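Please find below a short note on the model under review.

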Amino acid sequence: MAASAIFLLDSKGKVLISRNYRGDVPMSVASKFVNKILEEEDLNLKPIIQEDGVSYIYVKYNNLYLLATTERNANAATILLFLYKMIEVFNEYFKELEEESIRDNFVVIYELMDEMMDFGYPQSTEPKILQEYITQEGYKLDKVKPTIPVALTGAVSWRSEGIKYNKNEVFLDVVESINLLVSSNGTVLRSEIVGAVKMKSKLSGMPELRLGLNDKILFENSVKTGAPKGKGVELEDVKFHQCVRLSKFENDRTISFIPPDGEFELMSYRLNTTVKPLIWIECISDSHAHSRVEYMVKAKSQFKGKSIANNVEIIVPVPSDADTPKFRCTVGTCRYAPEKDAIIWTIKQFPGGGKEFLMRAHFGLPSISDERPAVKPPIMVKFEIPYYTVSGIQVRYLKIIEKSGYQALPWVRYVCLSGDYQFRTA
Amino acid sequence: MSDSKYFQTTKKGEIHELKEELLSQREDKKKEAVKKVIAAMTVGKDVSMLFTHVLNCMQTHNLELKKLVYLYVMNYAKNHPDRAILAVNTFQKDASDPNPLIRALAVRTMGCIRVDNITEHLCEPLRFCLKDQDPYVRKTAAVCVAKLYDVNPELVESQGFLAILNDMLGDSNPMVVANAVAALTEIDEVSKHEIFRINQNNLNKLLAALQATTEWGQIFILNALCKYNPESSQEAESVCERVTPRLQHANSAVVLSSIKVLMKYMNSIHNNDVVRALCKKMAPPLVTLLSKEPEIQFLGLRNINLIVQKRPEVLQYEMKVFFCKYNDPIYVKMEKLEIMIMLANEKNIEEVLLEFKEYATEVDVEFVRKAVRAIGRCAIKIDRASEKCIQVLLDLITTKVNYVVQEAIIVIKDIFRKYPNKYEGVIATLCANLESLDEPEAKASMIWIIGEYAERIDNAHELLNSFLEGFKDENSQVQLQLLTSIVKLFLKRPKDAQQMVQTVLNLSTQESDNPDLRDRGFVYWRLLATNFEAAKAIVLSEKPLITDSTSHLEDSLLNELINNISTLASVYHKPPETFVTKLKGLKRGGLRGVRDEDEDEEPEYVDDDNNNISNTMSPQNSQQGYGQQQQQQPQGPQKTGSLIDLDLSDLNFGSPVNNNQMTGGYGQPQQQQQQSPNDLSFLGGGGGRGGPSTPPKVNKVLVYGKEPNHQNIVISGAFTRFNGRISLELNLLNTSQISMQKFKIQFYQNYFGITPADPILSCGSLEPNQQTDISIPINTTGASSPQMNPVIDMCIMVLPSQERFYFKITFPFNCLLTENGPLDKESYLSMWKSIPELNERSRDIPVRVQFNPDSILKSLASKNIFEIVRKRVGNQEEISFLSCKTENSIYILLELTFNYQTNICRCVSKTTSPDIMALFEHTLEFLINNPY
């Protein structure tokens with residue numbers, strides 16, 4: 001079920017560093033992989049490919065390929081997730097994983113690869129804990145011999161003991177991104193919220209935390225609250241960081257945990273919504289072949305009047321051979337981005353409550369054009385609305401109990417972002 | 001501090017300089033030098049000549065330096081096995097270092113050195129580390145046992161490490177438990193013996209560790225849980241209860257492994273409400289996979305495909321989440337499309353069709369084609385939607401986009417096959433697009449449509465004539481179809497096609513060197529020349545309707561893949577043994593697996609009459625029960641008992657058994673028929689599948705009643721295979737004075753797991769001197785006992801009420817060969833390559849019948865041993881490549897070399913399960929020398 005070897009390759013497929021865990025696949029297979037991905041048509045280029053009895057599982061990141069090989073019926077999910085975990089750990093270590101940082105840190109990378117996977121089986125991958133005994137400044141440790149962090153094999157494998165802060169604080173960020181898909185005739189095909197509760201904990205000792213949300217399911221199970229029904233939020237799927245006691249959540253719906261130190265994603269959730277899309281776009285285009293094309297784009301805010309959407313970008317695709325752009329808009333600025341074949345209409349502040357803005361654009365078209373069927377990319381919208389969540393989810397309490405009995409302050413922020421926010425064009 | 005400087009030394013004399021530095025007394029100098037060596041190693045330079053020098057630095061208290069030296073030794077020990085032994089001392093010393101980090105490091109590294117004289121010295125340190133007080137060392141040592149097993153399994157077994165590993169399942173530290181589980185699972189996979197059995201005792205330990213270990217450890221444990229078969233519905237429920245909270249884990253691999261456990265255990269839960277609740281719980285986590293990174297989405301979609309096939313109810317309301325987004329990678333779009341087809345039903349079809357139509361106007365040609373095909377498949381799948389689908393296809397044809405039109409015509413042809421005489425109205429539109437057709441499949445489809453509806457297309461003869469002009473340049477697919485369609489036209493409208501039919505028959509039979517085309521041409525010619533009416537009846541006969549089974553895997557394969565959720569097998573949709581060559585214990589798992597008798601489902605449109613193979617499976621338990629009962633009968637005949645161990649040379653294939661076993665044209669022609677409707681049209685009501693077929697007569701052999709001590713009954717019988725079903729044909733003659741009734745039959749436990757589908761025979765009472773014929777359907781799903789020789793004599797008993805009659809009957813191996821044994825050239829080649837040389841066997845078979853490879857191979861094909869390709873070598877030899885597949889999906893690949901000089905057929909074979917080969921070769925020799 002395990003990986004045979006792991007390779008880090010540059011964009012041209014040159015091996016930057018590799019580790020052979022099992023010795024059953026020759027290391028020369030990396031070059032076979034390179035040939036395969038360079039020659040194969042996009043269509044057949046899947047993230048998991050097989051060639052001559054060897055399976056290649058890979059992800060692409062920052063012009064790098066992270067590649068795992070195996071000859072067995074390995075657990076592909078584990079390997080893929082492990083590759084992503086490697087990216088996370090390396091980013092934590094070197095700020096940004098890229099060709100340069102690999103060369104600059106090859107000794108540590110070897111050490112990490114040795115520690116994170118044994119014989120192809122993932123082992124310890126918690127960046128915070130790894131950093132306690134595998135450090136970049138190894139020479140400093142000559143005097144103090146490194147020892148195994150207790151946490152490594154302890155029940156709380158993500159947090160070390162003896163953490164100390166003068167001021168104990170917790171910051172919670174509730175971030176919701178909205179995925180929207182609207183058909184060309186204006187029907188909402190999918191509208192989905194993918195939310196995350198991110199935490200930055202600066203707490204001493206081994207604190208026990210309990211988080212209370214206004215999730216409907218949580219509501220109905222806690223008798224004491226007595227809060228009015230129907231006000232809660234029904235989350236369709238919830239995922240927790242490994243610090244959360246899942247069986248406890250399953251039993252009585254309480255989210256209780258000992259947090260890792262620093263920043264981490266405590267939970268993520270997903271739900272479909274029926275609320276109106278926050279920003280609605282209508283686009284009428286009038287194309288006169290071989291001469292010109294005109295666009296009229298209407299943007300309307302459909303969220304509450306008190307909120308404001310910041311940094312709104314409306315990206316309207318235009319034909320790749322369009323020229324001489326002319327714009328007119330009631331608010332914001334327009335820019336032609338030829339590298340994206342699109343108009344980018346930027347509105348710094350878009351107030352809520354049914355405000356409508358208009359933009360008109362005019363392009364020239366060449367008198368000769370190719371006959372290939374036109375590409376029809378969707379209109380995309382980017383925005384962020386602070387102090388707002390679509391789901392209405394709220395942190396009702398965060399209880400922090402530590403045996404030393406200190407008081408800690410929780411801070412909560414809410415923000416709503418655009419995710420995959422697409423309007424198909426006709 | 002940046003390490004990149006270590007890469008920069010490229011001057012001459014570098015190696016020499018490094019040697020100097022490595023000999024330095026100063027630790028920091030040494031470390032710098034080793035770093036340079038490792039840097040050189042990283043960029044692929046050979047620095048193995050520094051082995052001794054680097055080894056000298058191993059004895060150090062500097063942990064970083066030690067790690068680097070270990071890394072070096074790990075990489076180059078293979079090149080210097082003799083000198084690597086010098087490292088052993090330090091390794092052993094480090095393995096008892098006071099610092100657990102160093103102890104673990106030593107054991108971990110030593111396990112990675114795959115050099116024999118090192119592994120020997122690993123045993124003692126490993127034994128200590130397995131019992132180390134520090135859990136970090138223990139968990140590392142647990143994995144090390146698996147490493148050692150990979151190099152030297154005998155050593156691990158003799159040293160008792162497996163028992164220690166099993167003890168570690170009760171370790172107080174959950175991470176140690178998890179690694180022990182991982183090691184045991186891996187060893188069990190390759191070992192010939194079962195070394196890791198989950199029972200109620202350790203099950204609870206695993207479930208307890210599951211809650212407390214790391215995310216990766218949880219995956220090891222969840223995967224191991226799939227090896228366990230719950231003993232009761234309650235037990236299955238309680239395991240599921242403990243596993244369901246894992247669905248909430250942030251790690252998608254944990255989620256998928258949990259789903260695998262649930263899918264497996266659900267089969268054992270009798271309470272439908274619980275099953276329904278579990279299905280409901282699985283849906284949201286599966287949907288969430290689609291908001292992860294594209295690679296994970298792809299993996300998730302491949303697995304969802306399996307889950308939807310097995311339990312469609314899980315995601316029945318989630319159609320919309322599979323809608324494609326513009327920026328989805330193409331590999332994600334293709335998988336989404338596949339699942340959309342599976343989930344499409346009468347209620348959501350409108351929505352789905354709108355989406356497909358949208359996709360059909362995108363730019364990616366392959367995606368567009370698949371979208372058009374999807375519309376056709378929905379039309380065939382959902383009767384009520386066919387009209388709407390046709391409308392959408394017509395809309396698409398008006399776009400005039402070349403590949404859209406062609407793809408649409410191909411699927412409309414399939415729709416005509418499903419709904420004959422319903423949508424001819426669209427033919428006019430199709431005919432208007434003839435000139436845009438340039439792909440063979442589209443052309444052939446159009447020609448088929450014209451021929452099929454020739455009587456309604458006024459200018460059919462003109463249309464076909466226009467194709468006929470370029471006949472010689474066409475692809476053979478088009479030529480074959482054109483031949484058939486013109487013959488059809490001639491039969492329907494003789495006047496219009498008199499000339500054309502003559503031309504096309506001439507072209508096919510005289511000017512073509514394609515044997516298929518010639519053969520078909522001759523068949524038509526003779527048919528037409530002999531009897532016009534008969535030709536009409538045959539060629540224009542009604543064709544069986546097609547169904548859409550494109551997205552359905554065979555049941556047994558599906559179940560196997562479900563058990564492999566989240567592994568590569570679930571991504572490739574292939575059983576592991578087809579792409580993994582390293583599984584030594586494969587045969588054990590392969591034959592032990594439970595399989596359904598249903599088979600033969602080609603991943604293409606399959607004729608209806610192929611689907612009525614009934615699935616008669618009796619409960620597994622009762623079969624096992626019988627097995628035990630049989631073994632407990634010491635009074636059972638000693639004679640038959642010894643027969644089980646018969647030497648292979650003793651095998652006799654009583655010729656009557658095999659003769660006439662199958663007659664007529666079953667075999668290759670049948671396979672061709674399934675591939676495309678084109679071929680069917682000309683065979684029509686003739687032989688093969690189309691006509692009413694009756695099982696061939698079987699010559700039964702006297703098996704009981706021939707010896708003096710045999711009394712009361714005479715039994716003769718034989719095994720036979722017909723239409724993919726195995727049965728035992730028996731004839732019973734009552735020679736006693738009383739009437740017999742309530743016949744039951746039992747088989748001795750055997751290597752192939754063959755059992756009667758129903759132990760109670762369907763015959764009523766048998767009066768004195770009366771005889772009766774019974775056909776007993778056979779399952780291959782019984783408990784097989786792998787330790788038995790794969791000998792093929794079966795011991796069977798028949799029990800009329802209380803009396804028992806034991807007899808022995810030959811089971812011809814070829815009964816186990818399925819109809820879907822043919823492979824295409826590529827798969828044959830890749831499979832041949834993937835099987836290790838070790839499994840290759842070779843044997844000379846003297847041919848005692850007339851030496852005619854053609855007839856021999858034809859005869860083999862009728863026994864489900866299929867020829868893939870043949871070539872002539874020189875004047876004296878002809879080589880034929882063949883494949884066949886057993887009931888338990890083991891492929892046997894053959895290379896038969898016929899030598900005309902010596903009259904010998906040399907058989908070279910490869911298979912993943914070599915222990916059945918002796919038997920197979922024996923059968924082959926028999927089949928070659930006894931053609932039907």
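How far apart do the C-alpha centres of domain 2 of chain A and domain 3 of chain A lie?

1. The two C-alpha centres are 34 Å apart. This is a predicted model, in which local features need pLDDT of at least 70, side-chain atom pairs count only at pLDDT 80 or more, and totals for chains, interfaces and linings use all residues. Residues are numbered from 1 along each chain as its sequence is written, while chains are lettered from A and ligands numbered from 1 in the order in which they are written.

2. Chain A comprises domain 1 (5-152), domain 2 (169-275 + 390-423) and domain 3 (279-386); these bounds come from an automatic or database domain assignment.

3. Chain B has 41 helices and 15 strands (DSSP runs numbered from the N terminus: helices H or I, at least four residues; strands E, at least two). Of its 932 residues, 46% are buried (20 or more other C-beta atoms within 10 Å of the residue's own, all placed from the backbone).

4. Where chain B meets chain A, 82 residues of chain B contact 70 of chain A. Helix α9 (residues 135-151) gives the most to the chain B side, with seven residues. By class, that side holds 41 nonpolar, 24 polar and 17 charged residues.

How values were computed:
Two residues are in contact if their C-beta atoms, placed from the backbone, lie within 7 Å. Ala, Val, Leu, Ile, Met, Phe, Trp, Tyr, Cys and Pro count as nonpolar, Asp, Glu, Lys and Arg as charged, and the others, Gly among them, as polar. A residue is buried if 20 or more other C-beta atoms lie within 10 Å of its own, exposed if 12 or fewer, and partly exposed in between; C-beta atoms are placed from the backbone.
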